[in-house]
Amino acid sequence: MWSRRALVMASGLGLTACGTGAIPATEGVDVLVIGAGMAGITAARELRAQGAKVLVLEARDRVGGRIDTVNDWSGIPLDMGASWIHGAQDNPLTKLADKASLKRIETTYDASALHIDPQLRKRGVTSAQSARWEKVIASALKRSWKRDTDESMQAALDRVIAPMALDKSERAQLGFALNGSYVTEWGADPSELSSFTVDDGKSFAEEGVDTLFPGGYVELVKWLGRGIRVETGFEVTRISIGADGVTVSGARGQRKASAAIITLPLGVLKSGRVEVLPGLPSPMASAIDTLDMGVLSKSFFRFEKAFWPSNIDWHEYLGAQPGRWGQWVSFAKAGAPVLLGFNGGSVGREIEAANPRDVVDEAFEVLKAIFGKAAQRPIAVKTTQWARDPLALGSYSINTVGSTRADRVALTKAVAPGVYLAGEATEPDYHSTVHGAHFSGKRAAKQVLAHLGR
């Protein structure tokens, strides 16, 4: 029997949902795809286009994975996970969004404003001195690259700044530079990031604009997933690989197929929550152990009305506590009195674990420092929970000390004949992004199709 909720979910997504009655859900299935995020939906789309019969298994009651659009506030969907198409001009997701006729709003760092905390202004701070601190960071990394072994960014920085005897204002400026370029970029502290590989990877037109989906990023996933069979509420606990194919087990039973694509987030793979039998190849297991997950915490604040200028997309805050509430995005362009504040790494984990009232109190003090008497107290807040979400255990993958591109390459290889991993962590050049997840889904689908002889 269909539940009312299942019917609503299926009709709302435009996907073909599977029931849980007596008819085996795996009847006639060639490939099981575990996870209905961008990687899984992309893989299923590619496989289906080539005639393969696909079933997607998803633990949540929705598609999207770490693309999570919620509609708790009237007037504006909130993207609790991925928000932007980065480098929109050249990013292939833009063409897909165009085909889907999805509205987007441009944001650019050119439309930004720097706000310096009044206490720092009293000490004579009049700018972030970004060029100076970028040179310090670059120098620390270059010196570190001459070492025989990798180390953290923080260790590399400590050696450079030790003789500089920085005062509190300078440390605030350095922290501001690190927060903007690394902590909120990767969702990790400099003590977690590799000095050798933190800047590895490719991007699309960094100088270009980024685009937001005013209707929510999940619209793109739903469009890509039209007609795909998705069984929601199926949390996988075991993946057994044998000579006769793949058996996926969970509380709701077993599903079987000739091949499989596993798109579980790196955090879940690291946790051991899902047992893979007879085990992962050694290079793959080592890569999963070496890489890690960062946390980019997002807190959306709603107000009675916008009290900030609508022509400024980004508000940057240089505060006495480096890395706390350093970046804000305005949704005034979308017609909503909403500001989004970012916190990364250990601060992000702290904010996600905090009481919402305490989050509002702290953020309000920062907003008063930024906007003065014009600042209003937020009337509502919604903060992400990726660090504590058992189906994610982090926002996206990061390059930790000792990790290299070879680790991500190892994750592109076969788990076994016909079984492959996908997901942003498995993309060697565009990891930690939605487009990276998209690329990985296309790659894994191609590998499975070759196995199936199609």
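User: What do strand 12 and strand 13 form, and how many residues lie between them?

Analyst: Strand 12 and strand 13 form a hairpin, with 2 residues between them. Strands here are DSSP runs of E with at least two residues, helices are runs of H or I with at least four, and both are numbered from the N terminus. This is a predicted model, in which local features need pLDDT of at least 70 and side-chain atom pairs count only at pLDDT 80 or more, while totals for chains, interfaces and linings use all residues. Residues are numbered from 1 along each chain as its sequence is written, and side-chain values use heavy atoms, with hydrogens and water left out.

User: How many bridges join strand 11 to strand 12?

Analyst: Strand 11 (residues 236–242) is joined to strand 12 by 6 bridges, and the two run antiparallel. Val-236 has Gly-250 of strand 12 as its bridge partner. Strand 11 and strand 12 also form a hairpin, with 2 residues between them.

User: Why is strand 12 called mostly covered?

Analyst: A residue is buried under 20% relative accessible area, exposed over 50%, and partly exposed in between (1.4 Å probe, protein chains only). In strand 12 (residues 245–250), 6 of 6 residues are buried. For the chain, buried residues make up 57% of the 454 residues.

User: Why does the radius of gyration of the chain agree with that of a compact globule?

Analyst: The radius is taken over C-alpha atoms, and the globule rule is 2.2 Å times the number of residues to the power 0.38. For 454 residues a compact globule would have a radius near 22 Å; the chain has 23 Å, and therefore agrees. Along its principal axes, the C-alpha trace spans about 70 × 55 × 40 Å.

User: What is the mean pLDDT of the chain, and over which residues does pLDDT stay under 50?

Analyst: pLDDT is the predictor's confidence in each residue, from 0 to 100. The chain has a mean of 93, and 93% of its residues reach 70 or more. Over residues 1–14 pLDDT stays under 50, and the model has 15 contacts beyond four places in sequence for them; a contact means heavy atoms within 4.5 Å. Residues 18–25 are also below 50, with 13 contacts beyond near neighbours in sequence.

Notes: Pairing = 2+ DSSP bridges.
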